Structures are given as C-alpha cells and as structure tokens.
Amino acid sequence: MQGIWTTERIREAEGRAFAVTPDGELMRRASFGLSVQIADVLAEHTGTVSGRRVVLLAGSGDNGGDALWAGAFLRRRGVAVTAVLLGSRAHEAGLAALKRAGGRVVSAEDGPQWIARADVVVDGIVGISASGSLRPEAARLVSLVEAPIVAVDLPSGVDPDTGAVDGPAVRATRTVTFGALKPVHALAPSWCGEVVLVDIGLELTDPDLQRLDVADVAAAWPVPGPEDDKYSQGVVGVAAGSATYPGAAVLTAGAAVRATAGMVRYAGHAADVVRAQWPEVIATGTVADAGRVQAWAVGPGIGIGSEGRDVVRYVLGQGLPVCADADATTIIAKSPEVLDARDPDTPLVLTPHAGEYERLMGRKPGPDRVTAAREAAKKYNAVVLLKGHVTVVAAPDGRAAVNTPRGAWLATPGSGDVLSGLLGSLLAAGLDPWLAAAMAAHVHSLAGAIAAQNAPTSSSALVHAIPEAIRSIRSLLS
Ligand SMILES: NC(=O)C1=CN([C@@H]2O[C@H](COP(=O)(O)OP(=O)(O)OC[C@H]3O[C@@H](n4cnc5c(N)ncnc54)[C@H](OP(=O)(O)O)[C@@H]3O)[C@@H](O)[C@H]2O)[C@@H](O)CC1
Ligand SMILES: Nc1ncnc2c1ncn2[C@@H]1O[C@H](COP(=O)(O)OP(=O)(O)O)[C@@H](O)[C@H]1O
Ligand SMILES: [K+]
C-alpha cells in the first residue's frame with residue numbers, strides 16, 4: 001500500500017524532522033532532489049542539460065525557496081537559470097544562493113520574455129500552504145508557458161488536500177514532491193503529470209489515505225488451490241439487466257465470469273441473452289430461484305420500479321455480502337426502507353457515480369471527494385466506492401483508498417456494470433469489502449487501459465481484457 005498524508009500531518013512530521021536536523025538541511029535535500037529531476041526533464045525534452053534555459057517561477061514561501069536552491073544546483077551543471085519573482089517577497093537564502101551561483105533574477109513584469117525562451121519552467125509558486133487557485137499575476141505568467149513544467153511539491157492552484165481546481169492552475173509534466181505523497185498527487189493526476197517522490201527523511205505512519213500497489217492486488221487476488229472446486233471459490237449471484245436493458249446483464253455477468261474461476265449465477269429477465277453469451281453461467285428468471293450464492297452484485301439495468309425494489313430487498317435480506325450498483329443505489333436512495341432487510345453486520349458496497357451520490361446523500365459530492373465518500377460510508381454503514389476519473393473507496397471505519405486512473409477510456413457506457421461484476425466476484429471470494437472494492441477499481445482501470453491501448457474501446461472489450469489485467473498483475477509474483 002502506498003500511504004498518502006494530508007498537509008496537516010506532513011507539517012507535523014516536518015516539525016519533528018526540523019527539530020533533529022541542522023537548519024536548512026530538509027530544504028537542501030528537497031531542492032537537490034528537485035534539481036536532479038529538472039535536469040532529467042531537460043534531458044528528456046532537449047537531449048542535453050548544459051547550456052539549456054530554465055525559468056523558475058518563485059513564490060514567496062519555502063516552495064519558492066526550493067525552486068531557487070534547485071536553480072543554484074542547476075547552475076553547477078551549466079544551465080542558464082532565470083528566476084521570476086512573484087508575490088511580496090522571496091526566500092532569502094534561496095535567492096542569495098541562486099545569485100551566488102550566477103543565476104539571473106527578474107521581476108514578474110519582465111517574466112514573459114524569459115518564459116518564451118525557456119526549455120523547462122519550474123513551478124515554485126506555492127506548495128502545501130496554498131489556498132485557492134493561482135492569483136492573477138501568476139496565472140498570467142503560467143498561461144504563457146509552452147515548455148514542459150516541473151512542479152515543486154504540487155502544481156500550484158490545485159488544492160493540496162482535495163485535488164480540486166476552481167480557477168487557473170498549473171498543469172505539470174512532472175511533479176517532484178518531498179517526504180511523502182499528499183492527497184493532490186492521487187486525486188489530481190492530470191494536473192500533476194508524473195509524480196516523483198524525493199525522500200527527505202520524514203517519518204510518517206498511519207496514512208490518511210491509501211493507494212493499492214500492484215503487489216497488494218497480486219497478493220490478495222483469489223486463486224483456486226488444489227482442493228478447490230467450482231463452489232468453494234465463492235459463487236457470485238448477478239441480479240442485473242431487464243428485457244429493456246439485457247446488455248447490463250451480459251456485461252455484469254461477463255465481468256464475473258472473467259474475474260473468477262468459480263461459479264456465476266444470474267437471475268433476471270435477460271437469462272436467455274446471458275446464457276447465449278456466457279454458457280458457463282447458471283441463469284434463472286428470479287433471484288428466489290437462483291440457488292445458493294456467497295455474494296450478490298445487484299442493480300445494473302434492473303429499473304427503479306417496484307420489481308427492482310423487490311429484487312434489492314430480497315438480496316439485502318439474504319445475510320450475504322452485496323454490491324449494490326446503478327439502479328440499486330437509486331432504489332436505496334428513494335426507498336431507504338429496503339435496507340431494513342439487511343443484517344447490519346453483512347458487508348454492503350455502494351458504487352455511486354456523482355449523480356447517484358446526490359440521490360443517496362441529497363447533495364453533490366463537491367470538491368472534497370474523499371470526505372464525501374467517507375460521509376456516505378458512515379451514513380449507510382457501507383463501503384462506498386465513489387466513481388469518477390479518480391475513484392475513491394471509503395469504509396464506515398474511516399479507511400479510504402484512491403484509485404488513480406490510467407487514462408479516461410473507461411468513460412464509456414456499461415463500464416460501471418463491468419465494475420460491479422468484478423466486485424461481486426471478489427465479495428463472493430470472501431475478501432474484506434473495502435479491499436475488494438479498491439482491488440476491483442484497480443483491475444477495472446488496468447483492464448480499461450489494456451482494452452483501449454490508446455484508442456476508443458467498449459465495455460465488451462473491457463470484460464475480455466480482465467484476465468489479461470489479472471495476468472499482468474499476477475506476473476509480479478512469479
Ligand atoms: N517545511 C519543510 O520541512 C519543508 C518544506 N518544503 C517546501 O516548503 C513548502 C511549503 O512552504 P511554505 O509553508 O512556506 O508555504 P508555500 O506553500 O510556499 O506558500 C507560501 C505563500 O504563498 C502565498 N500563497 C498562498 N496561496 C497562494 C496562491 N493561490 N497563489 C499565489 N500565492 C499564494 C502565501 O503568501 P502571501 O503571498 O499570502 O504572503 C503563502 O504564505 C512545501 O510545499 C515544500 O515545497 C521543502 O523545502 C521540504 C522541507
Ligand atoms: N473520465 C473518466 N476517467 C476514468 N474513469 C472513468 C471516467 N469516467 C467514468 N469512469 C469510470 O467508468 C465507470 C463508469 O461507471 P458508470 O457511471 O456506472 O457508467 P455505466 O452506468 O455506463 O456503466 C466507473 O468505474 C468510473 O470510475
Ligand atoms: K508548486
């Protein structure tokens with residue numbers, strides 16, 4: 001698991017580290033690591049380092065100080081460095097170091113002519129003490145940049161703790177952060193670009209947020225053993241689709257088929273279509289006739305009328321783990337009494353997108369999606385997987401995981417149905433529901449990238465890419 005810490009926790013850890021390190025040492029470590037990364041981006045984009053031009057956009061705080069010190073290190077490698085000073089003041093020691101090393105210092109007014117000729121621009125405007133989007137002077141200069149941008153600690157203008165952007169902000173090619181990952185790095189990947197973590201010796205435990213490593217998913221993915229049979233791996237029940245939406249049934253059941261070697265049962269009006277597409281599925285017309293399962297995936301395409309409501313109430317009443325998706329979330333929002341059928345100790349995973357979240361909570365998720373997911377998890381005593389470009393998974397006990405996407409090809413109809421089939425099969429295998437949801441999101445986005453290969457894809461292709469995604473994850477173990 002990768003740990004992610006809020007800026008408040010980072011500041012506390014920095015305070016502890018300050019107390020036991022010589023003055024300026026943490027910034028020296030940070031800015032040296034930063035200079036190495038700036039040189040790397042220079043080499044990647046221009047082929048060389050020496051003789052290239054770097055412009056530093058330096059704000060008034062320590063973030064600007066990091067940039068100025070990194071500029072001084074780059075001077076030693078023959079880079080022409082110009083600092084454009086923003087804000088009311090500049091980091092004194094950093095400014096002196098850059099000047100000593102032969103760097104040029106100009107005012108914001110003179111910035112544009114230097115920015116126009118830069119090979120790389122460094123965003124040292126603001127770091128973890130940021131509030132709000134870029135101020136007008138910084139925003140104007142950033143809008144002129146055509147060169148790749150290396151962001152110091154985080155892209156300025158993006159909220160460090162939520163990743164929200166509500167005005168001008170920096171879009172970085174690479175973000176070089178120090179000590180530990182902050183929420184912005186997981187929640188705003190399209191603003192951060194590639195994120196590189198430089199160790200400056202901070203000590204942090206008990207992360208506020210987590211992100212699954214491939215190795216975590218590989219280690220926890222259920223694999224049949226010699227003693228297993230088709231039942232013992234966990235039978236997943238799929239209650240999805242309808243005469244109007246048979247595709248939802250095919251996709252949800254198909255994802256379960258592709259994600260597990262165990263049995264998949266289907267119950268609903270699309271039994272014939274499901275059987276035709278997936279002959280290995282045992283399909284029946286109603287949930288009551290489905291036979292024994294170890295978990296249910298319910299909701300995609302079932303409709304939100306009384307029949308759908310009865311289906312949701314039935315599966316919630318079975319004392320089994322349930323993934324309630326799509327129409328099932330709307331039914332729960334509109335008729336919360338269906339939850340009375342549930343034993344509160346049995347796992348429930350809700351998988352709303354923003355619109356379904358609004359129905360469940362009576363308000364939009366807003367810019368702080370982690371808090372939004374945590375609040376819904378508390379309210380429903382359920383794991384909540386909040387869908388979007390970045391998916392957040394929160395448990396009622398406060399654990400939260402973030403899945404950083406691999407592109408946006410999953411924004412295609414039916415891809416949520418695939419996610420619920422995947423998740424249902426992991427619940428049936430007996431995994432902790434929070435881990436199951438985070439793993440499903442991870443494999444879903446990897447399968448999306450495999451299916452897409454940088455071109456439009458479809459949810460059917462996504463289903464077929466699931467084994468390849470699992471194979472590539474498990475290849476780590478061999
Ligand atoms: N501590 C450590 O151990 C280490 C810390 N390190 C580094 O320090 C950084 C944190 O530095 P920090 O705390 O000095 O604040 P920082 O983020 O530079 O902001 C400063 C000032 O910017 C302003 N400002 C605010 N919002 C703004 C906006 N939207 N647009 C424009 N300006 C805005 C506001 O000042 P104002 O202009 O209001 O006076 C604010 O006070 C951290 O990210 C890392 O890079 C590393 O060296 C490793 C060791
Ligand atoms: N822009 C995006 N980038 C990455 N993933 C996305 C994006 N938009 C949607 N997704 C993912 O695609 C899936 C869409 O699910 P959902 O909204 O339920 O769609 P549908 O009902 O069509 O299946 C979710 O897993 C979501 O996280
Ligand atoms: K920055």
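Is N63 buried or exposed in this structure? With 24 C-beta neighbours inside 10 Å, N63 counts as buried. The term buried applies to a residue with 20 or more other C-beta atoms within 10 Å of its own, exposed to one with 12 or fewer, and partly exposed to one in between, the C-beta atoms being placed from the backbone.

## Basis of the model

This is a predicted model, in which local features need pLDDT of at least 70 and side-chain atom pairs count only at pLDDT 80 or more, while totals for chains, interfaces and linings use all residues. Residues are numbered from 1 along each chain as its sequence is written, and chains are lettered from A and ligands numbered from 1 in the order in which they are written.

## Two domains

The domain assignment of the protein gives domain 1, residues 2-209, and domain 2, residues 214-477; such bounds come from an automatic or database domain assignment. The C-alpha centres of the two domains lie 40 Å apart. Where they meet, eight residues of domain 1 are in contact with nine residues of domain 2. Two residues are in contact if their C-beta atoms, placed from the backbone, lie within 7 Å.

On the side of domain 1 that touches domain 2, helix α7 (residues 183-187) gives the most, with three residues. Helices (H or I, at least four residues) and strands (E, at least two) are DSSP runs, numbered from the N terminus. The residues on this side of domain 1 divide into six nonpolar, one polar and one charged. Here Ala, Val, Leu, Ile, Met, Phe, Trp, Tyr, Cys and Pro count as nonpolar, Asp, Glu, Lys and Arg as charged, and the others, Gly among them, as polar.

The unreviewed UniProt entry carries the annotation "domain: YjeF N-terminal" for residues 10-208. Over residues 10-208 the chain is 40% helix and 18% strand, and the end C-alpha atoms are 11 Å apart.

## The annotated binding site

Under "binding site", the unreviewed UniProt entry lists N63, D123 and S156. These three span 94 residues in sequence, yet no two of their C-alpha atoms are more than 9.8 Å apart, so they gather at one spot. UniProt positions are given in the numbering used here, feature names are shortened, and annotations may be inferred rather than shown by experiment.

N63 lies in helix α3 (residues 62-75). Leaving aside neighbours within four places in sequence, N63 is in contact with G124, I125, V126, G127, V152 and D153. S156, in turn, is found in the loop between β6 (149-152) and β7 (174-178). S156 counts as buried, with 30 C-beta neighbours inside 10 Å. Beyond four places in sequence, the contacts of S156 include D123, I125 and V126.

## Surroundings of the ligands

Ligand 1 is surrounded by 29 residues, of which the closest are G61, D62, N63, G127 and S129. A residue is near a molecule if its C-beta atom, placed from the backbone, lies within 6 Å of it. The largest share of this shell, four residues, comes from α3, while α1 (7-20), α2 (25-46) and α3 each supply at least two residues. By class, the shell around ligand 1 has 13 nonpolar, 11 polar and five charged residues.

Around ligand 2 there are 17 residues, the closest being K387, A408, L410, A411 and G416. Helix α16 (residues 415-428) gives the most to the shell around ligand 2, with four residues. That shell divides into seven nonpolar, eight polar and two charged residues.

Six of the eight residues of helix α13 (residues 327-334) are buried, so α13 is largely enclosed by the rest of the structure. The buried residues are D327, A328, T329, T330, I331 and I332. Among the elements that cover them are β13 (295-298), α12 (306-316) and β14 (322-324).

Helix α17 (residues 433-452) is mostly covered, with 19 of its 20 residues buried. At 1.5 Å a residue, α17 should span 28 Å, and its end C-alpha atoms are 28 Å apart, which agrees. The expected span of a helix is 1.5 Å times one less than its number of residues.

## Positive phi values

Just after α17, Q453 takes a positive phi of about 45 degrees, although Q453 is not a glycine. Q453 is found in the loop between α17 and α18 (459-474), and it is exposed, with 11 other C-beta atoms within 10 Å.

D206 also has a positive phi, near 50 degrees, in a residue other than glycine. The place of D206 is in the loop between β8 (194-198) and β9 (209-211). With 7 C-beta neighbours inside 10 Å, D206 counts as exposed.
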